[in-house]
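Hi,

Here is the structure I promised to pass on. Have a look at it first, and then read my notes below.

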Amino acid sequence: MSAPYRAGTVAIVGRPNVGKSTLLNRLVGAHVSITSRKAQTTRHRILGIRTDTAAQIVFVDTPGYQTRHANALNRAMNRAVTGTLAGVDAALFVAEAWAWDDRDDQALALVPPGLPTVLALNKVDRVKDRAKLAEVLVACAAKRDFAALVPVSAEKGTQVGALALELAKRLPEGEPIYGPDDLTDRPERFLAGELVRERLFRLLGEELPYTCAVVVERFEQEGGLRRIGATIFVDREGHKAIVIGEGGATLKRIGTEARHAMEALFGGKVFLELWVRVKGGWADNESLVREWGHG
């Protein structure tokens with residue numbers, strides 16, 4: 001007899017910049033969550049769906065929990081972490097394969113003790129010393145009674161299938177929650193804004209992207225063509241000049257790369273217009289944080 005079908009929700013948890021969004025995209029098989037090398041890229045709960053013949057895993061990608069800043073934006077992000085964990089079937093805790101530090105302890109403390117939790121030690125492709133990896137695995141096993149420990153590389157795809165199998169085992173028996181071709185519950189309008197914001201993180205300096213917000217003002221579809229207009233809000237006038245760049249070169253590159261990413265994800269042509277406006281103090285304005293979808 002075949003095994004019963006399983007379906008349920010899994011929260012992806014971990015400190016900032018351990019590769020949660022990259023791992024989600026790899027598990028789902030599509031670009032549903034933005035990634036960059038900078039910490040704290042994700043501001044939203046992103047739902048991604050992996051469906052196969054044995055299970056449907058509905059992933060929620062939480063912002064990396066942090067305590068450095070206490071503005072309205074970061075308070076909203078931290079609420080997203082704790083709120084997500086209250087209603088899922090299992091957790092996927094992501095840490096780096098070469099070390100565990102106090103920030104990992106803080107993030108793990110958020111996971112309810114009774115919640116089945118699988119540990120993914122990510123970026124295993126960067127660990128050349130196998131003995132070191134074994135040492136980290138033993139140290140991690142002492143932190144919690146993990147349901148499974150799986151070394152993976154989100155970037156290379158190493159062991160991602162094995163990780164999905166371990167997660168599926170922790171889900172309840174039941175019918176699929178979403179259709180077989182569904183990849184996310186987020187509308188294209190939202191994903192378009194996230195892809196613009198991804199380019200800000202990848203192309204601008206270390207601090208500037210954290211003071212930027214992207215609001216999609218227009219999203220129209222004409223057959224296979226999507227016409228999208230979005231505003232990039234920055235905190236200061238000087239930031240506006242940086243985002244635009246000399247002769248508009250930086251903004252043009254942001255737009256071109258975001259458009260290409262949208263076309264790949266949506267499967268059709270995109271006409272994208274971007275504007276840059278100043279809105280001082282937006283990240284500490286509770287009403288704006290909620291209005292722009294970060295709360």
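This is a predicted model: local features need pLDDT of at least 70, side-chain atom pairs count only at pLDDT 80 or more; totals for chains, interfaces and linings use all residues.

Residues are numbered from 1 along each chain as its sequence is written, and side-chain values use heavy atoms, leaving out hydrogens and water.

Let's start with Leu23, which sits in helix α1 (residues 20-28); helices (H or I, at least four residues) and strands (E, at least two) are DSSP runs, numbered from the N terminus. Leu23 is buried, at a relative accessible area of 0% (buried means under 20%, exposed over 50%, partly exposed in between, with a 1.4 Å probe and protein chains only). Beyond neighbours within four places in sequence, its contacts (heavy atoms within 4.5 Å) include Leu92, Val94 and Ala120.

Next, the salt bridges: there are 22, each a side-chain nitrogen of Lys or Arg within 4 Å of a carboxyl oxygen of Asp or Glu. Arg218 and Glu273 form one of them, at 2.6 Å from N to O. Arg218 is in strand β7 and Glu273 in strand β9, so this pair ties together parts 55 residues apart in sequence. Glu198 pairs with Arg202, with the closest N and O atoms 3.5 Å apart. Here Glu198 is buried at 0%, while Arg202 is partly exposed at 41%.

Cheers
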